[in-house]
Amino acid sequence: VTGTILSFEMGLLWPGFMGTFGAVFGLGFALEGFSFFTEAIFIGIYVYGWNRLSPRAHFLSGIPIVIAGLTGSLFVLSVNSWMNDPRGFTLHDGRVAGVEPLTALFRNGHLGFEIVHMYLAGFIVTGFLVAAAYAVGRLRGRWGRYERIALTIPLTVAALAAPVQVLVGDWAAREVARTQPTKLAALEGLGHTERGAPLHVLGWYRDGEVKFGIAVPKGLSLLAFHDPTAEVQGLDAVPPGDRPPVNVVRIAFQLMVGIGTFLAALSVWYLFARTRRRRVPSGRWFYRLLVLAGPASVVALIAGWVTTEVGRQPWVVYHVMRTTQAVTGAAGIPVGYATLAAFYACLVAAIAWILRRLARAPMATAAEPERALTPG
Amino acid sequence: MLGLHLYNLPLFFALQGVALYAILAGADFGAGIWTLLAGRGERGRRIRDHAHRSMAPVWEANHVWLIFVLVVIWTGYPAAFASMASTLAVALTAAGLGIVLRGVAYALRSGTGGGVEIRAIDAATAVGSLVAPFALAAAAGGIASRRVPVGNAAGDLWTSWLNPTSIMAGVLALLSSAYLAAVYLAADARRAGDREMAEIFRVRALVAGSVAGVAAVAGAVVVRADARWIFDRLLDAPAVFSVALSVLAGAATLLLVARRHLDTARVSAAVAVAALVGGWALAQNPVLLPGLTVPQAAAPDNVLVLLVISILAGGVILFPSLGLLFELVLRGRFSAAPSAGRGAPAATPAIGLTARIPAKRLAGACFAVGAAFLAIGESAWPHAIGVALLGASIVLGLSALAGEDARE
């Protein structure tokens, strides 16, 4: 229900973008379409075949879902990475020529770190969300073998991925510093180009500098180029019309980094307990923080996308096409958008309601044998 | 004729997608329409349940054909896609919301308690099933009656899909969806051994088919008055052969349903819909939009070649998978009662201490070395090595920790 509407929206909202560049990046979506299709077919088999196929056949029917999920996100990100680092075409009078779709999609400089960053984010968000649900249960006294396994497996995956994400995030920031200096300047609120640029934590960007922030001398040069004296390009290197809305990008970035650091710290706590003490942490505070980590990881994911997408503004295709050239000429887009938002709000409410109802129902047959093993 | 040119090939595949979508999603929407007309009481409830159960496992896969059509057109014919999507924005938004509503109903229906909740969800299903096929066919009617000009939202947002030809196309789509669904649901019920449902839907198929036939004749009069260009081309060679095939197959389906040859009727009903799509394509060819022919709209040749290769390669994966899904559904594997628990899974043997420690140490070592490569490396290769080592550290860590049942 999201994939269909998404492919509609591409044409409904961005006809200028699709009409001009459809030939360059469309192939990525065509390949993604097949991944999505395969996923839909095997989800049908997996869900409706539960307890009706043999356990082996049922397990095997899950494997194509995993592969299609990986390839699908690869192809979608190939399009996004091309928008950030466009190549594989030339533009003459608003028409593309010399189109090389494979170069455009798979040989651009952003695909590598975007895909690694996003895959890890997927494991982290899913892991913390599932674990958070069982952490709530533990705080309320539901703690059998079933709950313990349901908490530790997703949490282990997320806890192993979260520290790696810190390193990958650093890599991504260094690549952005190199290829999209204006985006980096917006992330950090750096008004003027300077050597040994400081890093600001928190604060608000106004009149070319960060107010009320905590400054770390030479921190930005060190982080972005791993060299404390490196020159970092400021927002003043491009005309005001070519700069993204700094505070939106900067707050989203700080939110992502802050939550990411929190998740990594929580992960180290968990991994330390598991490897050194051979136990899951027993204190209530660990589980309280774990409950927080679930929704926080979703916020970090969305903040990350805001960072990269709003940070690319005013361009939809970096330094090639402005967002204003891509958008539809149709009237009443705010009305259509509001309709869609209201519709999805109802959808979220309905899903929350159905999940609560399912949670109240007795555990399905598949889980019962396991529960029986651990009375209480 | 649809000549065998490279620029026609992706369109040819897209049209097959349109035909499959009209058949499969048409049957799905039709099933939704029948839940609206199921009537009250116990019998009505059983009709709604049959319509729901029969479509649930294939719903999502059926609707992906639409995504296939969209991506092929936007890659192969970007200028045409942008013009259509922007002018027909209102119709396509309505269709999209209708499809989502239909999907949400599937997701929610399994968890409802019954009574008022089920009725609310069935109402949502019915609204989605009426809006989506109408809006999509009305959009097609707008293209066929030359109301979608080239350009960013260059046509009228409302009259492009609310005009005599579009409304006629929308009504016909609703009727033929109901007809298709009744044929399919009757055949499904007979396979499942449910004589009562088979008979109920057989009668509904006969009624819907007859009404659709009358509406098609009335529709032809409307199109002749409103969009003479497409009307003349529909009745000219080569389109007329496809249209005639559609009429014959539609009539043959009525006859087969009347004589209870339900499985054969499934096929002839599908042929009727596919031939109508084919007739429309032949009548329009080579004009996509006024002033824009297929070769003018087509992407560069190398893009088309890659697109066709992707479609063929995708088809190699897709069709066996779809075959498996439909076979499982048609053989009734998904409608059987769930088998009782197959016994507790064997306890996972705890991984020995000796095997565990090296995995943990190795995971730590991979993490440290990978971190160094990623942080210090200045080019693609050290970064790739770093990422691979960090990935290995996650897998090793998982194998060391997930196997043991952690105690508190």
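## Confidence of the model

The pLDDT is the predictor's confidence in each residue, on a scale from 0 to 100. In this predicted model, local features need pLDDT of at least 70 and side-chain atom pairs count only at pLDDT 80 or more, while totals for chains, interfaces and linings use all residues. Residues are numbered from 1 along each chain as its sequence is written, chains are lettered from A and ligands numbered from 1 in the order in which they are written, and side-chain values use heavy atoms, with hydrogens and water left out.

Chain B has a mean pLDDT of 84, with 90% of its residues at 70 or more. Over residues 339-356 of chain B the pLDDT is below 50, and this stretch has 14 contacts (heavy atoms within 4.5 Å) in the model beyond near neighbours in sequence. Where pLDDT is low, the predicted coordinates should not be read in detail. For the complex, the predictor gives an ipTM of 0.80 and a pTM of 0.81.

## Interface of chains A and B

In the interface, 87 residues of chain A are in contact with 88 residues of chain B. The area buried between the two chains, that is, the accessible area (1.4 Å probe) that two parts lose on being put together, summed over both, is about 7700 Å², of which carbon and sulfur atoms give 73%. In chain A, A:Phe34, A:Phe37 and A:Arg52 lose the most area to chain B, together 10% of what that side buries.

Between chain A and chain B the count is 0 salt bridges, a salt bridge being a side-chain nitrogen of Lys or Arg within 4 Å of a carboxyl oxygen of Asp or Glu.

## Salt bridges within chains

Over all chains, the structure holds 18 salt bridges. One of them joins B:Glu196 to B:Arg46, with the closest N and O atoms 2.8 Å apart. B:Glu196 lies in helix H8 (residues 195-226) of chain B and B:Arg46 in helix H2 (residues 41-55) of chain B, so the pair ties together parts that are 150 residues apart in sequence; helices are DSSP runs (H or I, at least four residues), numbered from the N terminus.

The side chains of B:Glu199 and B:Arg202 also meet in a salt bridge (2.9 Å, N to O), and both residues lie in helix H8 of chain B, 3 residues apart, about one turn of the helix. At 32% relative accessibility B:Glu199 is partly exposed, whereas B:Arg202, at 9%, is buried, where buried means under 20% relative accessible area, exposed over 50%, and partly exposed in between (1.4 Å probe, protein chains only).

How values were computed. Helix = DSSP H or I, 4+ residues; strand = E, 2+ residues; numbered from the N terminus.
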